[in-house]
Structures are given as structure tokens and as C-alpha cells.
Amino acid sequence: MEKSLRQKRGFLFYVSIYKKILLQDLKSKMSFRADFIISTFGMVLTNLSGFVTFMILFHNFPSINGWDYHHMLFLYGFSLIALTPVQCFFDNNWNLRFMVRSGDFIKYCFRPINVFFYFISEVFDVKGLGQFAFGLATFIYAWAHIGIPVTAVTIAEAVLFLITASLFMIALMNFAAATCFWIINSGYVMVIMFRFKDFAKYPASIFNGVFRFIFTFLIPIAFVAYYPSLVFVTPDNVPLLSWLSPLIGALFFWLSYKFWMLGVRKYDFTGS
Amino acid sequence: MTSVRKMTALTRAGITESLQFRLGTAVTLFANLIYLALVYYLWKAIYASSGTDVVNGMTFYDTMIYLILATAIFNFLEMFIVWDMSRAIQSGEIIMHLLKPMRYRKYIFWSYSGSLVMSFVQTFIPTFLVVAIITRGAIPMGWNLLSFAVSLLLALVVNYNIEMLVAPICLYTESTWGINIVKETIVLLLSGATIPLAFFPEGLRRVVDYLPFRAVYDIPLRVLLKKGGTDTWQGLLPALGLQLVWCIVLSILGNLFWNRAVKRITVNGG
């Protein structure tokens, strides 16, 4: 009996559960329509502000470190798309510290499904979709202007690298959120990590020495856009790190998941 | 109790409270240093690609000092008034504040003053010193420091008034996140905190000049760097005067809006 139950909990089991939870979340969101409209407007405004900053920068400086306008636009679009999943699917991480502090978090531990999955699936952030549309438009525009060939291979590569690039930011936010299991009021860790993402849209070649290392391996924002983009932008000269980025992304995500779950186990033991 | 003692009591309480979270201060300071490195490398690369040393009257060091201190000012001035007020409204706690023998607007300002003092000492000053050392004396050290301090104080009041003008919107809608992000995005972009106003194209510059946001970041930093003629009395006084005018105008608007909005409060039960 127990074995058959466990077998059922494969990928499809989780997909069907996710659909159910998502639907409930959307229903409750739609009942606060004004909030939805204002939040979406705010999100569009942040993207617009980022774009205006970008345009002002290029109004004064024609290129950055050998990257011209369209190549920078490509990086920018790439980073916006890669930063969408963390916004849409992993937004509940921002609530983690309140849940843990108030003790409400315990409810997630009593369900016969994965705690991380259950907690994360509870919130789907619709306003991230505006960013996705904005990013996709920028990405396609830059793609066409650089003249990257449109073949089945390049499109498949784009999908693969965008998805794996998104894992880096997700992992960073998982790490930042999970610190609340150990540190009271750890909101600032998340705020700081979230701020670093603004630099994902610049080529990491501008850093050297220690900071190149930090932004590649410790706070891996260079993987959010720069390394994966090189596959498309300089197809003749792709560094090894670019090809490895899907693997490294998976590793980072797995580590952040383990760290998060370590926090949950520590939380369990405190009892109360 | 005299009113001065009432206020300083709140200041003291705030200082004690922020001393509790020393780890947060250390992490913020460390993050500011990493952020400083990011800004440094980014603008070094940008200036290296441009081929000239001075762009729109700003050298590389000017730009760097401007942007990093803008971030430091942001951390220093950050008030969560919109969040606090929305939480107080939703929990009904606001009624307790209204019953206190001090106007709510005043109460908020003075209860923040303690943490403002602490964050100034613990994060702003260290960041300032690090920037001054790294840029090897590119920050002019003289009377401008004093005018910078005055300007920063005025910026604080302008920022507080912007917050207080926006926060009562929470009485009309529950979209706290939305209101806050709209406010923050507009202030950061149009005040020069994201990219110095000197780089803005002419048309946009003229619009921004008539808005209050530059009084929060652009004017103090310009005073510090002695840009735009602020190293003479003829240039300095209009700049500080403009900040003062915005303090007064925004304060009046905020008061009017608050008095109107507060009538909407209905707390169910008790």
C-alpha cells in the first residue's frame, strides 16, 4: 500500500497538485482586483525605469567594453527573461521569514508532500508575466538586429540556456530566504541579494581578479545573462563556462534546495 | 513633559531598538562594499570605452562617488512608512496612534529619528570614508561638507514628506506592495539615484528640474561634489532654498491629504 502511494508521487503527481494550488491562489488574487492592477502597473513601471536608465546610458556612451547597443540589448532581454521564473514561481520565499517567525510555517511540515514544493507552489506571482513579455520583446528585437540565425538548434539552445540561467537567481533567493531559519529579521539578506540582479544585465568581462571570481562562483550573477549569452553572441569563441552553465545552474539550485531543507529540519527540532 | 523631551524619548527608543540588530548592520555594510565594487567596475569600463575623461562635466570618480553615496543615502533614508501605516491600518492599531497626545505625522517622524541617527553613524559614515579613501581624495573636503550636511538634512525631510504623502493612499486600497514599488521606482529614477541627472538628455532634464525628487539625491550630492556652481553662495543658496521650498510644499500637501484621508478610518470591533 505504502509503496504504491510513493510510486504515485512522481512528476505527474506534483504537476497535478501544482495546478490545483495555483488555481486557488489565482482565485484569491482576482478577488483583490485593485491590488492586482496597481501591482501590475508597479511592475511595468520598474521595467520601464530599467529601460529608461539603459537608454540614458547609451545616449552618453556608445558602447560598453566592446559591447554595442544591440548586443547590450540582447543581454538585457536575456536577463529579464531569466529573472522571470524567480518572480513568478518563487515569490513565496519573501513570506518565509514571517511564516517561520509567527510559527505558521509548521502547517507545511504536516502535509505528505515535499515541504519546499508545497511552500513555493502556494504563490504564483502574475505580475512577473509583464516582465516576461517585456524581456521577450527586447530579446527578439536584439536577436534580429544582431542577425543570429533562426534554426531549430539556436531556438532549442535559447530555451535551454534561458531556463538554466533562471536557476541561478532562484538558487540565490532560496539561499537568502533560508537564512531566516537561523537569523531573526533576515529580510535584509533577501533585499541585498535581490539588488545584485540589477547587475546581471552587464557583461561580466568588466570585472577582474577577485570580483570576477565572486560574481561567477559565489554570487553567480554572471551566469544570469553573460555566460549563457556568449553562446549566441560570439558563437565562434564560447568559453567552457558557458557550455557548463546548465550543469552549474542545476548544481546551485540543488545546493540551495538542500540548504533550505536543512533549515526546515532545524525548524522542526525547535518544537514549539 | 515638554515636547522636546517627548521627541527625544522616541529618538532614544529608536537607537536602542536598532542596536539590537547589529548583524544586519554588518551585513548591510559588507553588501555596500560589494555593491561599491560593482559600480566601480561597471563605470570604469564605461568610461574606458568612451575615450574621454569627462562626460557631461562628470569624471569617472565624480560618477562613482555620486552613485555609491546615492546608494548610501538610500539605505540611510529608507523609511518603511508606507508599510508601517498599511499594517497599522489593517490591524486597527492606527486608532491607538491617533489617540496619543502627539500628531500621528509628528509621531512617525520622531520614532524614526533614532534609527536614522544609528544608520547614519553605522552605515553612511563608514561608506563615505571608504569612498573617500578609494577615490583618493576626489571628494573635496572643506566647507562643502557642512553644506552637504545641511542639504542632507533637508533631503531627509523631503523624503519623509514624500513618504507621508504616499502612505495615506493605504487608506483607500490594500495594495501596499504596489504603491510602494511605484513610489520607489519614480523617486529613484527621477532623483538621479539610478543614473546621475547630469547624464539625462536635455528634454528630460528640464522636466526633472521641476519635480521634487532631485531634492532628495541630486542636490545633496551636487553640493558635496561642488558641481553646478554650488561652491559659491550664489549657487548654493538657491539649491538649498529649492529643497526648503519642497519641504514646505510637500508638508502642506501631505497634511491636507492626511486630514482628508484619516476621516475614512473605520475600525470594526475593538
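**Close-up views of a predicted two-chain model**

Figure 1. The model is predicted, so local features are reported only at pLDDT of at least 70 and side-chain atom pairs only at pLDDT 80 or more, whereas totals for chains, interfaces and linings use all residues. Residues are numbered from 1 along each chain as its sequence is written, chains are lettered from A and ligands numbered from 1 in the order in which they are written, and side-chain values use heavy atoms, with hydrogens and water left out. Helices (DSSP runs of H or I, at least four residues) and strands (runs of E, at least two) are numbered from the N terminus. In α4(B), residues 81-91, the buried positions are B:I81, B:V82, B:M85, B:S86, B:A88 and B:I89; buried denotes under 20% relative accessible area, exposed over 50%, and partly exposed in between (1.4 Å probe, protein chains only). Viewed down the helix axis, the buried residues of α4(B) fall within an arc of 160° and therefore line one face of the helix; the arc is that of the directions from the helix axis to the C-beta atoms. An α-helix has 3.6 residues a turn, so residues three or four places apart point the same way. The face turned away from the buried side of α4(B) carries the exposed residues B:Q90 and B:S91. The cover over the buried residues of α4(B) includes α5 (94-99), α6 (104-134), α7 (143-166), α8 (176-190) and α11 (233-261) of chain B, where contact means heavy atoms within 4.5 Å.

Figure 2. B:N161 belongs to helix α7 of chain B and is buried, at 3% relative accessibility. Not counting residues up to four places away in sequence, B:N161 touches B:R105, B:C247, B:L250 and B:S251. B:A72, in helix α3 of chain B, is likewise buried, at 2% relative accessibility. Leaving aside neighbours within four places in sequence, B:A72 is in contact with B:F124 and B:T127. The C-alpha atoms of B:A72 and B:I125 are separated by 8.9 Å, although these residues are 53 residues apart along the chain.

**Figure 3. Positive phi at two loop residues of chain B.** Most residues other than glycine have a negative phi. B:N56, which is not a glycine, has a positive phi near 55°. This residue, B:N56, lies in the loop between β1 (54-55) and β2 (58-59) of chain B and is partly exposed, at 44% relative accessibility. B:K226, also not a glycine, has a positive phi of about 55°. The loop between α10 (218-224) and α11 of chain B holds B:K226, which is partly exposed with a relative accessible area of 39%.

**Figure 4. The second largest pocket, lined by residues of chain A helices among others****.** A pocket is an open set of points on a 1 Å grid over the protein atoms alone, with protein on both sides within 12 Å along at least five of seven lines; a cavity is a set of points where a 1.4 Å probe fits but cannot get out, and lining residues have an atom within 4 Å of a point. Grid points are joined across faces, edges and corners, and a volume is the space filled by probe spheres set on the points. The second largest pocket holds about 820 Å³ of space. Its lining comprises 31 residues, of which A:P85, A:F89, A:F90, A:I163 and A:S166 lie nearest the centre. The elements giving two or more residues to this lining are α2 (11-30), α4 (69-82), α5 (84-89), α8 (115-121), α9 (128-146) and α10 (152-178) of chain A. The greatest contribution, eight residues, comes from α10(A). By class, the pocket lining has 28 nonpolar, three polar and no charged residues; Ala, Val, Leu, Ile, Met, Phe, Trp, Tyr, Cys and Pro count as nonpolar, Asp, Glu, Lys and Arg as charged, and the others, Gly among them, as polar.

**Figure 5. The two cavities of 30 Å³ or more****.** The largest cavity, with a volume of about 40 Å³, is lined by A:V86, A:Q87, A:F90, A:D91, A:N93, A:W94, A:M173 and A:F194. The second largest cavity contains about 30 Å³ of space and is lined by B:N32, B:Y35, B:L36, B:I68, B:T71 and B:T127. Helices α2 (22-50) and α3 (60-77) of chain B each give two or more residues to the lining of the second largest cavity.
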